[in-house]
Amino acid sequence: MLHLLWGVATATCAFPILTRRWQLALKARWSRQLFQALGVRLRVSGTPIDAGLFVANHISWLDIYAINALAPAAFVAKDEVRHWPLIGWLSAKAETIFLERGSRSGAVRAKEHLVEQLRLRRRIGVFPEGTTSDGTGVQPFHGALFQAAIDAGVRVAPVVIRYTDAKGARSVAAAYAGDTSLWQCLRAIITSSGLTAHAAFLPTLDAGSGDRRHLAHRAHTAIAHTLGAGLTPNRWAQSDERTATETPDDLPDALPSASLPTGSRSPAPADSSPA
């Protein structure tokens with residue numbers, strides 16, 4: 001709670017007077033400190049791109065911070081989050097792009113905003129499954145949000161999220177899925193011994209094909225393959241050699257900031273946004 005309140009204070013007092021470069025540094029540092037406060041180790045592999053569309057499998061609200069700790073980004077969230085007490089306000093401060101479900105005009109506005117931000121060389125994060133899972137597999141990707149990468153002419157960066165226990169086996173402690181409440185999930189994380197979050201930044205994909213469904217399929221295949229065949233817990237431990245404890249090289253060291261969950265367990269809309 002103290003860490004959350006510190007984020008509120010920073011977003012209120014510091015963000016308005018800081019450049020975006022410093023804001024991103026604050027977001028990254030706050031995210032790393034969150035893992036420290038929860039007693040969760042964060043390991044990363046691969047190199048994140050400076051700008052583009054991050055697409056990741058979705059297991060927990062912690063996924064956002066695993067990415068933000070190394071490559072701070074703006075995330076897409078359902079519009080309802082905007083109206084949540086405190087969290088909605090902080091999400092907006094963290095550059096969240098809100099998606100109005102069930103509204104074609106809202107989807108068009110959100111996509112236009114996505115394209116605008118991507119053309120400004122920003123990092124944008126999305127979870128194309130549209131919901132969370134226990135991490136045993138990857139659910140089908142909705143292709144709608146991939147259209148923004150195609151229109152903006154930026155690369156798509158698949159990111160693999162995985163959680164393991166003290167023995168290196170897959171852990172469901174962080175899973176925010178099914179009927180699990182946020183409090184239950186938080187309690188499971190805190191009481192889990194040796195929990196480690198892994199974030200693997202895979203080679204990027206060229207969005208120049210112009211086919212969002214094909215692009216979504218390629219990203220899904222890359223992530224599913226990395227999670228499944230050939231990556232045992234031991235190989236994950238060997239491949240994730242870096243621990244995210246330092247400020248990214250391209251960002252100044254700074255104090256923590258607000259970076260709250262912008263996703264939820266609600267299913268995503270069908271791939272019906274305009275091409």
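User: What does pLDDT do over residues 245-275?
Analyst: In this predicted model, pLDDT stays under 50 over residues 245-275, although the model has 120 contacts for that stretch beyond four places in sequence. Where pLDDT is low, the predicted coordinates should not be read in detail.

User: And what does the protein average?
Analyst: The average pLDDT of the protein is 78, and 77% of the residues score at least 70. Residues 229-241 are another stretch with pLDDT below 50, and there the model has 21 contacts beyond near neighbours in sequence.

User: Switching to the inside, how many residues has the largest nonpolar core?
Analyst: The largest nonpolar core has 37 residues, and those with the most contacts inside it include Phe35, Phe54, Trp61 and Ile161. Among the elements that give two or more residues to this core are helix H2 (20-38), strand S1 (41-45), strand S2 (52-56) and helix H7 (182-191), while the largest share, 5 residues, comes from H3.

User: Which residues does phenylalanine 54 touch?
Analyst: Leaving aside residues up to four places away in sequence, phenylalanine 54 touches, among others, Pro48, Ile49, Ala71, Arg123, Val159 and Phe201.

User: Which way do S1 and S7 run, parallel or antiparallel?
Analyst: S1 and S7 run parallel and are joined by 5 bridges, and within this pairing arginine 41 stands opposite threonine 196 in S7.

Notes:
Residues numbered from 1 in each chain as written. Predicted model: local features only at pLDDT ≥ 70, side-chain atom pairs only at ≥ 80, totals over all residues. Heavy atoms only, no water. Core = buried A, V, L, I, M, F, W, Y, C linked by side-chain atoms within 4.5 Å. Buried < 20%, exposed > 50% of the residue type's maximum accessible area, 1.4 Å probe, protein only. Helix = DSSP H or I, 4+ residues; strand = E, 2+ residues; numbered from the N terminus. Contact = heavy atoms within 4.5 Å. pLDDT = per-residue confidence, 0-100. Pairing = 2+ DSSP bridges.
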